[in-house]
Structures are given as structure tokens and as C-alpha cells.
Number of protein chains: 2
Amino acid sequence: MPYPITITQTDRKKEKPDSSCLGFGRYFTDHMFVMDYSAEIGWHDPRIVPYAPLALDPAALVLHYGQAIFEGMKAYRTSDDRILLFRPEKNAQRLNLSAARLSMPSIDEELFLEALRTLISLEKDWVPRERGTSLYIRPFMFATEPYLGVRASESYKLVIVLSPVGAYYAGGMKPVKIHVESRYVRAVRGGTGFAKVSGNYAASLKAQEDAHAKGYEQVLWLDAIENKYIEEVGSMNVFFKINGEVWTPPLHGSILGGITRDSVIHLLRDWGIPVREEKLSMEDLYVAYTRGELEEAFGTGTAAVVSPIGVLGWNDHHMVINHEQIGELTAKLYGTLTGIQYGEIADPYGWIVEVE
Amino acid sequence: MPYPITITQTDRKKEKPDSSCLGFGRYFTDHMFVMDYSAEIGWHDPRIVPYAPLALDPAALVLHYGQAIFEGMKAYRTSDDRILLFRPEKNAQRLNLSAARLSMPSIDEELFLEALRTLISLEKDWVPRERGTSLYIRPFMFATEPYLGVRASESYKLVIVLSPVGAYYAGGMKPVKIHVESRYVRAVRGGTGFAKVSGNYAASLKAQEDAHAKGYEQVLWLDAIENKYIEEVGSMNVFFKINGEVWTPPLHGSILGGITRDSVIHLLRDWGIPVREEKLSMEDLYVAYTRGELEEAFGTGTAAVVSPIGVLGWNDHHMVINHEQIGELTAKLYGTLTGIQYGEIADPYGWIVEVE
Ligand SMILES: Cc1ncc(COP(=O)(O)O)c(C=O)c1O
Ligand SMILES: Cc1ncc(COP(=O)(O)O)c(C=O)c1O
């Protein structure tokens with residue numbers, strides 16, 4: 001690849017944390033990728049440098065008007081010590097989709113992938129070894145121009161940091177309790193919900209806190225217009241198996257197009273299971289539930305891959321799904337996806353990219 | 001005041017820019033106020049330090065999940081060289097309202113006002129002298145914890161920077177052309193529109209750019225639910241004089257409660273002009289327009305104070321308001337508010353706070 005990514009190695013490497021207590025997003029590797037954008041010269045100076053604080057003017061636009069987007073993906077270590085990425089080109093594409101929504105400059109997707117490969121290769125000892133652990137990859141882009149007018153910034157930084165993370169299901173996979181949120185909303189048609197925009201997450205914190213206080217692990221978001229249709233669960237896409245068919249909300253502007261979601265849909269169709277990307281109201285879900293037709297429910301996302309839902313609390317209804325047990329299909333999807341990600345199962349889809 | 005704000009003075013003061021070419025939000029004074037928050041000890045170490053870049057961990061939550069809020073206000077120099085603030089306690093209250101929406105810690109409003117007074121007093125030579133110019137004050141708070149989990153940060157920074165700004169109407173007040181936006185939305189009930197949250201502004205940039213490309217100066221936002229009711233104009237509240245009455249949208253969750261808006265309503269009621277804080281649809285506005293009853297339209301906000309609207313472009317309709325001339329009431333409101341702000345008119349409302 002002809003991209004001149006310069007590398008400045010650190011002269012004091014950190015001690016690596018014990019892989020049994022990594023948690024999520026707490027530890028960061030020795031280096032990071034950084035690239036700058038200015039209106040005059042475009043993207044320039046792609047470089048790998050020691051992980052260190054960024055100097056930001058107090059008037060940098062990101063701190064005022066929230067022009068910031070990000071991605072989330074993982075590198076997995078196989079038992080024969082290869083390092084694999086899962087559909088990284090999709091993250092590159094989605095980063096550009098998010099950038100366009102916030103009037104930010106697009107990046108060259110090839111350069112992005114090259115930056116990932118170069119950085120991960122340099123940090124390969126940081127990819128933890130235990131099954132279930134991984135190296136979480138966080139690319140993000142934000143506005144740096146020191147200016148207080150409300151308009152798109154004329155300068156940006158793209159940064160990629162890496163964080164070794166523990167197994168999501170360290171204590172074993174366990175179905176979660178979800179609160180159906182009817183006061184706060186995550187996103188609305190015409191807004192930024194379909195993009196991975198930082199402000200979406202700030203807007204979601206209050207509902208999550210309220211749900212925790214009520215004893216739930218996460219919230220299920222309803223649409224902002226009618227407060228009726230199911231959208232997402234926490235920061236995951238959501239699926240319901242009803243009477244042998246799998247339902248998931250369609251991508252109509254307020255829902256993030258998850259890469260795990262897309263992969264799950266692929267697998268299901270491959271297995272001959274009907275998938276309906278159609279609007280589904282809580283009322284209809286509840287009717288299916290009372291009829292005993294709601295067989296399984298799960299969220300999907302890079303962090304958890306698949307997360308079974310055991311309970312839905314909706315107004316006064318306490319809906320227990322599949323006796324709070326992991327569903328058969330949920331388990332099969334989880335097994336297949338993680339099997340492919342860790343190189344244990346053949347990948348007939350071309351999803352895996354090896355880091356040399 | 002018993003708040004121990006420490007002051008570290010700069011040893012190299014900047015040259016002050018020529019007050020005729022200040023523009024907005026480009027120049028910053030020699031010092032800034034900074035205060036830190038941690039979950040263990042709360043707010044601590046309030047200090048005034050030289051204006052300088054902030055060091056931010058690349059994983060600082062603000063760069064990822066947009067936990068950031070801000071305020072905007074001004075200090076005005078009177079002809080007899082006093083320095084006045086306009087209803088600063090309202091900004092302190094609104095900052096706390098915004099903080100609550102994003103699960104951020106509240107600040108002591110008295111300390112906030114003391115910080116303002118101390119900083120502005122130190123920087124008083126930066127308050128420009130020409131009528132119409134002012135010292136723009138930008139308090140902002142953001143999440144600093146280095147962590148990638150989606151939850152509220154456990155540490156924050158509150159910063160106040162000051163920027164001398166030029167007269168908004170340097171070339172004379174001129175009615176603006178506004179595009180009624182029907183694709184993108186700014187905010188929705190259940191979201192963050194009523195708070196001064198950074199993500200709201202990022203979400204608004206695309207529509208603004210599109211409007212510029214079509215030859216308009218700003219957008220008029222409609223409600224996100226029915227795409228029908230008028231909400232705000234750019235980053236301003238909006239008012240319409242229809243048949244002798246003044247209409248402005250009510251604060252029902254998606255609209256920012258502007259301090260200028262509140263002041264305008266006060267003045268109008270004081271002057272015996274009926275004010276209707278009621279939902280107003282574009283259809284109804286258009287009907288009033290075709291009947292010749294739409295007499296004036298204007299936006300309100302700290303930056304412009306009052307901004308007359310000369311044209312509304314709504315689908316295929318080109319609505320010319322008051323022959324694109326500044327309305328009588330618009331002019332009177334502008335004159336009265338700026339007169340009070342610059343200490344030229346008596347302030348019967350207790351709005352003015354002098355900085356000693
Ligand atoms: C809001 C939201 N929905 C869904 C997802 C799932 O996307 P993916 O499967 O690409 O991780 C994410 C990201 O993890 C998200 O932030
Ligand atoms: C979205 C929005 N609406 C309205 C206003 C007006 O508020 P204020 O009059 O307090 O400046 C502002 C801030 O200026 C704003 O950002």
C-alpha cells in the first residue's frame with residue numbers, strides 16, 4: 001500500500017494488564033494512529049505515535065457543538081496465533097456515512113484499513129489470548145478548529161486507539177432484563193440516529209440510568225414519533241423470534257445499521273429462517289407474547305455479539321421470554337459468529353480479514 | 001464571596017485585535033476559568049489560568065459519547081465604562097438544566113456567577129468599546145474520564161472562555177432569508193432539544209449547509225413528529241406578529257428556552273401586546289400570510305438579540321414578510337433590549353448585573 005504512515009515508537013512500553021481482569025475500554029495500548037485534516041490540504045500526516053494526551057484548544061469545535069463520530073470493531077486472536085478482523089470495510093463505510101451526516105470530511109477507506117492493519121500489527125502483543133477476549137478498536141473523528149460560530153469545522157483529527165477487552169460473558173452468557181422506555185427517545189427520522197454520532201450516546205444516558213435504578217440492565221427504545229414501534233436495545237440492534245420467523249426493525253433513518261445485525265440477517269437467511277425487516281409495535285409484540293409465540297429475543301452488536309433478552313418490562317407488563325433461558329437460535333447465532341470471528345469455523349462469506 | 005478561586009496570571013499578554021474586525025468567536029482573551037469534577041470529591045480547584053490548550057486523553061468520554069453542554073452570554077461596556085451582564089443567573093440555571101439532561105453534575109450557581117465576575121474583572125480591558133461590540137462569554141462542561149463504556153463520565157471539566165466579538169449588525173440590521181426545513185429535524189420530545197447540549201448543534205449543520213447552498217441564511221425548524229409546527233430558527237427562538245398579536249412556540253420539550261425569548265415576552269406583555277405561546281403550524285402561518293395578517297417575524301438569541309426575518313422559503317412558497325423591511329415592533333424590541341444591555345435605558349426588571 002502506498003500510504004506513507006510514519007511510525008514513532010514509544011520508548012516506554014506499558015505493562016500489559018492481566019487478561020482475566022480487562023473489563024471493557026479501560027486499558028489502552030502503547031500507540032495510536034492519528035491523522036489531521038485541514039480545509040486547505042485535506043487529510044495529511046497519517047502517523048502512529050505513542051498513546052498520549054491530545055492538546056485541544058478550549059475553543060475546539062468538538063467541545064462546543066459536538067461534531068464527533070466514531071466506530072467500534074475488534075481484532076480476535078485465533079488459537080494458532082493469527083489475528084483476524086471482522087468485516088472492517090463495513091466500519092470504514094459507516095464512518096464515512098456518519099461523517100457525511102455531520103458535514104465532516106470523508107476518509108479514504110483503503111487508507112483507513114491500512115492504518116488499522118499497521119497499528120494492530122505493531123500492537124499485536126496486545127491482542128489478548130483467552131477465548132472471548134479481544135482487542136477493541138476505536139476509530140474516531142472530531143472537529144478541532146478553535147471557533148465558536150455554529151458551522152462545520154475546517155479542521156479535524158482522525159484517531160484510532162486500541163483497548164484489550166475481556167470476554168463480554170465472563171461469568172457465562174445470561175439473558176438480560178430490559179426496560180421499554182416510553183419517556184426518553186434515542187433518535188428520530190431526520191436526526192442522526194442512523195449514524196454513529198457522539199451526541200446520540202449522550203442523549204441516551206439518562207434513560208439508561210433510570211432503567212438501572214429500576215433494576216433493569218438496559219432500555220428498549222421506541223420510535224420518537226408514535227412511541228410505539230421498537231427501534232433498538234441499548235446500543236444494540238434487536239431481534240425477535242416469533243412463531244418461527246425472525247423480526248427486526250427496518251433501517252428507516254433512526255436506527256443504526258449494525259454490522260452484527262447485517263451478519264445475523266445473512267446467517268438466518270442462509271439457514272432458511274425467514275427474516276422480516278418490518279416495523280413491529282410493542283402492542284403486537286405483546287400480543288405474540290400472550291399467545292406464547294414470542295420464542296426468543298436478543299440484541300446484536302460488536303461488544304456482546306449476541307445478547308439474549310430474558311425480561312421486557314413494558315409499563316405494567318413483566319414479559320418473561322423463553323423462561324429467561326438462552327434460546328436455541330440465539331445460541332446458534334452466537335456460536336457461529338464468534339466461531340467465524342475466532343477462526344474456528346470456516347468463513348464462507350469473506351467476512352474475515354487477517355492482519356499479517 | 002467565600003469561593004477560593006486561585007488566579008495564575010499569564011506572563012505574555014496577547015495583542016488585542018482591532019475592534020472593527022472582531023467577527024464572532026475567533027479571538028480569545030488571556031485567561032480562562034477552569035474547575036474539575038471527580039466522583040469522589042465533587043467540584044474542586046476553581047482557578048483562573050492563562051488561556052492554553054487543554055490536555056485530553058484520547059479516550060476522554062466527551063470525544064466518544066458527546067457528554068458536553070455549554071452556555072452563551074455577553075458582557076457589555078457602557079459609555080461610562082462600566083461592565084454589565086444580562087441575566088447571568090438564568091445562564092447558570094440553564095447550565096444546570098442541561099447538565100441534568102446529560103447526567104452531568106450540577107454546579108453551584110453562586111460559584112458560577114463568582115467565577116464569571118472574577119474572570120471578566122481580570123479581563124476587563126478585553127471588553128470592546130464600540131457600541132454593538134461585546135465580550136462573548138462561553139461556559140462549557142464536558143466529560144473527561146478515559147473510558148469507552150457507554151455511561152456517564154465520573155470526571156468533568158467546567159471551563160469559561162471569553163471572546164471579544166464585533167457588532168452582529170456591523171453593516172446595519174438586515175432582514176434574513178430563511179429556509180423552512182422539511183427533511184432534517186433539530187430535536188424531538190424526549191430528546192435533548194430543550195437543553196444546551198453540544199450534539200444538538202452537530203445535528204443541525206447539514207440542514208444549515210443545504211440552506212446556504214439554496215441561497216438562504218438559516219433554517220426554520222419544524223417539529224419532528226408531524227413536520228408541521230414551527231419550532232426555532234437556526235439557533236434562535238422565533239416570533240411572529242400576526243394581526244396585532246405575537247406568537248411564539250411553547251416550551252414543550254424540543255425547544256431551547258432562550259433568555260432573550262423570555263425577555264422579549266416580558267417586554268411585550270409590559271407593553272400590553274398579547275403574546276401567545278402556542279403551537280403554530282406552517283399552514284396556519286401561510287394562511288395568515290396570504291391574508292396579509294403576518295406583520296413581522298424575527299428570531300431572538302444572545303448573539304443577534306433580535307434578527308428580523310424578511311423571507312421564508314417553504315416548499316414552493318416564497319413568503320416576503322413586511323416587504324423585507326425591519327418591522328416596527330422588531331426594531332423597538334431590539335432598541336429596548338440593547339439599550340438595557342448597554343446601560344442606556346433604565347432597567348426596571350433587575351436584569352442587569354454590574355461587574356465591579
Ligand atoms: C446505537 C447502536 N446500535 C447498534 C449497534 C450495533 O452495531 P454493530 O453491530 O456494528 O456493532 C451499535 C454499535 O455497537 C450502536 O451504537
Ligand atoms: C437552539 C437555540 N435556541 C435559542 C437560543 C437563544 O437563547 P438565548 O436567548 O438564551 O441566547 C439559543 C442560544 O443562543 C440556541 O442555541
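Let's start with a cluster of charges: D36(A), D45(A), R47(A) and K157(A) are joined in a network of salt bridges. A salt bridge here is a side-chain nitrogen of Lys or Arg within 4 Å of a carboxyl oxygen of Asp or Glu. Keep in mind that this is a predicted model, where local features need pLDDT of at least 70, side-chain atom pairs count only at pLDDT 80 or more, and totals for chains, interfaces and linings use all residues. Residues are numbered from 1 along each chain as its sequence is written, chains are lettered from A in the order in which they are written, and side-chain values use heavy atoms, with hydrogens and water left out.

Over all chains, the salt bridges come to 45. In chain B, R129(B) pairs with D81(B), with the closest N and O atoms 3.0 Å apart. That pair links distant parts of the chain, 48 residues apart. R129(B) is exposed at 56% relative accessible area, while D81(B) is partly exposed at 43% (buried means under 20%, exposed over 50%, partly exposed in between, with a 1.4 Å probe and protein chains only). E232(B) and R186(B) also form a salt bridge, at 2.9 Å from N to O, and both of these residues are buried.

Now for how the chains relate. Chain A can be laid on chain B with an RMSD of 0.0 Å by a turn of 180° and a shift of 0.0 Å along the axis (superposed by least squares on the C-alpha atoms of residues with pLDDT of at least 70 in both). The two copies are therefore related as by a two-fold rotation axis.

At the interface, 61 residues of chain A are in contact with 61 residues of chain B, contact meaning heavy atoms within 4.5 Å. Because 100% of chain A's interface residues are also interface residues in chain B, the copies meet through the same surface. Between them the chains bury about 5,000 Å², 61% of it on carbon and sulfur atoms; buried area is the accessible area (1.4 Å probe) that two parts lose on being put together, summed over both. In chain A, P58(A), L63(A) and L148(A) lose the most area to chain B. Two salt bridges run between the chains, and R26(B) forms one with E145(A) at 3.3 Å between the closest N and O atoms.

Finally, look at K196(A), which an unreviewed UniProt entry lists as N6-(pyridoxal phosphate)lysine, a modified residue; such annotations may be inferred rather than shown by experiment. K196(A) is buried, at 12% relative accessibility, and its contacts include R94(A), Y201(A) and L256(A).

Terms used: Helices (H or I, at least four residues) and strands (E, at least two) are DSSP runs, numbered from the N terminus. Lists of a residue's contacts leave out its neighbours within four places in sequence.
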